[in-house]
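Open the model in your viewer and keep the selection tool ready. This tour goes stop by stop, saying what to select and what is there.

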Amino acid sequence: MSRRAPLPPPPPPTELRSWPDRDALLRDRALVLGELTRTFMGPGSLGLLWMWAGAAVVGWSLVGLALVSFEEGADPFSALLGAVFLAVGAAVIIPAVAFVAVGAARDLRVHRLLTQWGGLDRDPAVDLPLRMPRVALVWLTTSFALCAVGLFLCVAVPAKARAGEDTYAQVAWLMGIGFLAWLTGLTGLVKAFAHRRWVVRVLAGVPARPLLSVDR
């Protein structure tokens with residue numbers, strides 16, 4: 001399931017479930033959860049997040065060049081060049097941020113579906129691959145590294161700036177890159193911890209009552 005593919009519907013209410021037996025329910029549950037976990041935590045999801053974050057960094061870098069041109073330029077050509085950089089940078093960064101926001105909203109829906117489908121029943125042998133410990137570790141470590149780099153840039157750059165050596169535009173440019181790195185890393189950390197919480201509470205939890213209507 002790609003991120004652009006339509007998401008499966010939530011499981012029907014208890015009174016409307018029509019699975020003939022528990023095995024049929026478990027087969028549908030395994031199929032849906034497998035697709036949803038790949039959508040939520042798969043390498044493609046991480047690559048897509050980094051791609052749009054990289055596009056946002058490129059856009060902000062162009063905006064930074066525009067700020068430098070405005071700050072250091074004293075002629076109409078510099079102002080015109082700065083305006084071009086600003087327009088192109090905005091054209092890159094705005095869609096990138098919008099797509100990240102749309103992806104975050106989709107991730108919320110996917111996580112809600114994971115909880116609903118996972119809560120139907122338990123199948124430990126089939127659920128084991130859904131835990132994806134190695135993939136979750138990659139999400140966790142890379143996102144933590146991005147957060148650390150971003151926080152360093154946001155704190156160290158203004159602290160080390162010296163009047164006459166560093167311009168306001170340069171400081172704003174580096175701090176903006178740091179903020180984007182921190183925000184990307186934070187998004188990854190939230191997803192990694194959300195997946196871990198889902199594994200502990202849903203896959204490894206004990207259902208409070210039978211959830212299949214044919215068992216009544």
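Select H2 and H3: their crossing is left-handed. Left-handed means that the near helix is turned anticlockwise from the far one by less than a right angle; clockwise would be right-handed. The residues of this H2–H3 contact are 20 nonpolar, 5 polar and no charged. Here Ala, Val, Leu, Ile, Met, Phe, Trp, Tyr, Cys and Pro count as nonpolar, Asp, Glu, Lys and Arg as charged, and the others, Gly among them, as polar.

H2 covers residues 43-72 and H3 covers residues 76-118. Their axes come within 7 Å and cross at roughly 160°. H2 is therefore roughly antiparallel to H3. Angles over 145 degrees count as roughly antiparallel, under 35 as roughly parallel, 65 to 115 as roughly perpendicular, and the rest as oblique. Axes are lines fitted to C-alpha atoms, for helices over the stretch in contact, and angles run from 0 to 180 degrees between N-to-C directions.

**Before you go on**

This is a predicted model: local features need pLDDT of at least 70, side-chain atom pairs count only at pLDDT 80 or more, and totals for chains, interfaces and linings use all residues. Residues are numbered from 1 along each chain as its sequence is written, and side-chain values use heavy atoms, with hydrogens and water left out.

**The whole chain**

Zoom out and color by secondary structure. How many helices and strands does the chain have? There are 6 helices and 0 strands. From the N terminus on, the order reads α-α-α-α-α-α. Helices (H or I, at least four residues) and strands (E, at least two) are DSSP runs, numbered from the N terminus.

Now show the surface. The chain exposes about 12,400 Å², and carbon and sulfur atoms supply 71% of that area. The areas come from the Shrake-Rupley method with a 1.4 Å probe; for residues, only the protein chains shown count as cover. Of the 216 residues in the chain, 38% are buried. Buried means under 20% relative accessible area, exposed over 50%, and partly exposed in between (1.4 Å probe, protein chains only).

Contacts come next. Contact means heavy atoms within 4.5 Å. Take the contacts between residues at least 6 apart in sequence: 86% of them join residues at least 24 apart.

Select Phe 85, in helix H3. Is Phe 85 buried or partly exposed? Phe 85 counts as partly exposed, because its relative accessibility is 22%. Leaving out residues up to four places away in sequence, Phe 85 touches Leu 62, Val 63, Leu 65, Ala 66 and Ser 69.

Move to Ala 55, in helix H2. Beyond its neighbours within four places in sequence, Ala 55 is in contact with Val 92 and Ala 96. Ala 55 and Ile 94 are 39 residues apart in sequence, and their C-alpha atoms are 9.6 Å apart.

Stay on H2 and pick Leu 49. Leu 49 counts as buried, because its relative accessibility is 12%. Which residues does Leu 49 touch, not counting those up to four places away in sequence? They are Trp 139, Thr 184, Thr 187 and Gly 188. Leu 49 and Gly 103 are 54 residues apart in sequence and 8.3 Å apart, C-alpha to C-alpha.

**H5 with H6**

Select residues 133-160 for H5 and 168-203 for H6. The axes come within 7 Å and cross at roughly 155°. H5 is therefore roughly antiparallel to H6. The crossing of H5 and H6 is left-handed. Their contact has 22 nonpolar, 7 polar and 1 charged residues.

Step back to Met 132, in the loop between H4 (124-127) and H5. Its phi is near 45°, a positive value in a residue other than glycine. Met 132 counts as buried, because its relative accessibility is 13%.

**H1 with H6**

Last, select H1, residues 22-41, and keep H6 shown. The two pack at an angle of about 160°, with axes 11 Å apart. H1 is therefore roughly antiparallel to H6. Residues making the contact include Arg 29, Leu 33 and Phe 40 of H1 and Lys 191, His 195 and Trp 198 of H6. By class, the contact has 7 nonpolar, 2 polar and 2 charged residues.

Finish on Glu 35, in H1. Glu 35 counts as partly exposed, because its relative accessibility is 22%. Glu 35 and Leu 130 are 95 residues apart in sequence and 9.7 Å apart in space, C-alpha to C-alpha.
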